[in-house]
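Here is a walk through one model, from its surface down to its sheet and cores. Have the viewer open as you read.

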Amino acid sequence: MSKSDRDSLHGDRRTGGPSLSHGEMGTIVYLRAWQMGVKPFDCPTIREVVPSRLASLKNGKVEAHCGAQSVEDFDQIAVEADALIKPDMPAVLERTNLSVNVQGFLLPVFEALSNSMDGIEQRFGDHAARKGMILIKFENLNDPDKVIISITDNGVGLNDENYKSFRTPFSGYKLSKRGRGFGRFIAFKVFSRIHYSTRFDRNDVPTTKTFRFDISRAEEIIFHEGDPDFSGLGLCVELDEPLDNWRELVGGLSRQEVKDEIGSHFLPYFLYRGLPKISLQFDDEEPENITSYFKTVFVEHASGEIETSIDGQSCPLRYTLTKIPKTRQFKSHCLLFAAADRIVGHPRDLSNKLGAQHFVDEDDSKFIIVAIVRGDAFETRLNDSRTSLDLPPKAIEEIVGAVCDKIQDREKQQIEKIKSGQASELNEALHENPILRLGLKGQSLAEYVARKPNNWGAEDFVQDLALLRYRSTGDLLKQITEAANNPTSYVEKIQDLASRIDAGKKEALAEYVLHRKSIIELIDAARKFNDDGKRGPEDDVHSLIFRRFSDSVDVEYFQHNLWLIDDALAFLPYVSSDRTMHGGGRKKGDKVTQTCSSMTTL
């Protein structure tokens, strides 16, 4: 549109002429677009609307701006405009990442299922769960050359409105349902042949379409003769000829994996939305109603709200907990993110936070807790292929922590079992290392363990207590120095400090006694006869007392056990074991003592 045209449309702002309403301006834009060759009047809606608008504009505004009263008059008007080129979908798909796993392979099936549920809802409304039916059929599941997957529903079908949306990449038709207008294209990341057949009503007359969908061709929709293989209204999508990078996975795919993946992907529907009857069939076997199966498995255990910060904003999220038996698909406690009424991304393992991969009930049966979190904040962070959420790691960590707190509140009995086991393990460790009790700082084992992570084992507790003891000792020395430098408070503090020192000595003595007891047990074991009637090697006993070919220059006080012979030996100024008197290599005629000191030879 030229500058003068823009000026004329603004009317009184530029030329003082009459101003136009949005509707009047829209009429002119429609007419001028037609003049360019865009031909908007080929659309029945515009063909009907524009003449009626012209007929209503009797105030001279259109004539003043355009000098025309009918569509034909616009043949004399030249307008500058252009149209967008449709998206390069093969290039878009090339930039779309899809993991080569069972979930990735079945993602086109999930998208077709989602569209089927929308079609059923369009047809049956509030009765969709009762009247809707979907059949998922796998033929030749483990043969990449022959496998065919079909998804057939009894929904409204690809009527004119749905077909228009189908032909429009990134259509906004399903925005109200949080769709992206991209799901049907993801099939080309897995399969090279996608076929559609549908029956729908047009003016109450059943009408059919059958076509192949192929985005590698200039005209992507190739119609075929023939009717759908199913009766009544609905849609069937067939997927076959998997791409080369999926062939190995197809060869090892199990039926149970397929069933479990479908159930886990649509878990939100089972928990808080109705589902139509979904049947799963393999070859010519009897179909199984998986809707009924998963409804008995996925039962809401608890629900509520949590708050988390995402990109600096506080976002409310809704969580749902379900308790299910431990299976191959669900091996451990996990957190799932839901958006657009489906599970998005990979499960987050909660085992470390909760302290166990699974819980055990009163009947000694193993079960796990699956948490599903959803919220409006997730919908705006869902990628186009609906395979992942754009969430900062810190936000994910906060969500995991908040959900685990809710699970622990709900499963207090299970957490008490874990804490009791931790306290028992720690108690055994402290029997071997009693000096570490100083790190408890007056807490009971139960109090100390309650404040530590559920997944800690004995080694984690020992490391923590050793650090606490080290810090406690440093604090004690500092307080002793302060007390010694302050005569006024010396008397008040000295008794408390002395008692704490005394407690430390007791723990240290207990540990030393246990250490000696263990060494004595090792000596007794080394002195026993073997199965062949001979005693163990002399080296074993020798090394326990004092390492051979070494002396007290190399071996520190706590590295030998001379007290086994005599406590006094441990305090001699110099000790040598199995070395010549001159300290070098043994020469012919050299005498070598077993253990000697500067005062005594043994």
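Accessible areas here come from the Shrake-Rupley method with a 1.4 Å probe, and for residues only the protein chains shown count as cover. On that basis the chain exposes about 33600 Å² of surface, 49% of it from carbon and sulfur atoms. Bear in mind that this is a predicted model: local features need pLDDT of at least 70, side-chain atom pairs count only at pLDDT 80 or more, and totals for chains, interfaces and linings use all residues. Numbering starts from 1 along each chain as its sequence is written, and side-chain values use heavy atoms, with hydrogens and water left out.

How much of the chain is buried? Of its 602 residues, 43% are, where buried means under 20% relative accessible area, exposed over 50% and partly exposed in between (1.4 Å probe, protein chains only). If we call heavy atoms within 4.5 Å a contact, then 64% of the contacts with a separation of 6 or more link residues 24 or more positions apart.

The chain has 20 helices and 17 strands; these are DSSP runs numbered from the N terminus, helices being H or I with at least four residues and strands E with at least two. Eight of the strands make an open, mixed sheet, ordered 5-4-3-6-2-1-7-8. Strands pair if DSSP finds at least two bridges between them. Strand 5 and strand 8 sit at the edges with a single partner strand each, so one side of each has no neighbour in the sheet.

Some elements to pick out:

| Element | Residues |
|---|---|
| Strand 1 | 133-139 |
| Strand 7 | 277-282 |
| Strand 5 | 221-223 |
| Strand 8 | 288-289 |

Strands 1 and 7 run parallel and are joined by six bridges, with I134 partnered by I278 in strand 7. Helix 10 (residues 255-265) packs on the sheet, touching strands 1, 7 and 8, and its direction makes about 165 degrees with that of strand 7 (axes are lines fitted to C-alpha atoms, for helices over the stretch in contact, and angles run from 0 to 180 degrees between N-to-C directions).

Now the cores. A nonpolar core is a set of buried Ala, Val, Leu, Ile, Met, Phe, Trp, Tyr and Cys residues joined through side-chain atoms within 4.5 Å. The largest has 68 residues, and F105 and I136 have the most contacts inside it. Helix 6 (residues 102-124) gives the most to this core, eleven residues. Leaving aside residues up to four places away in sequence, F105 touches I149, V190, F191, W246, L249, V250 and L253. Apart from this core lies another, of 35 residues, including L335 and A371.
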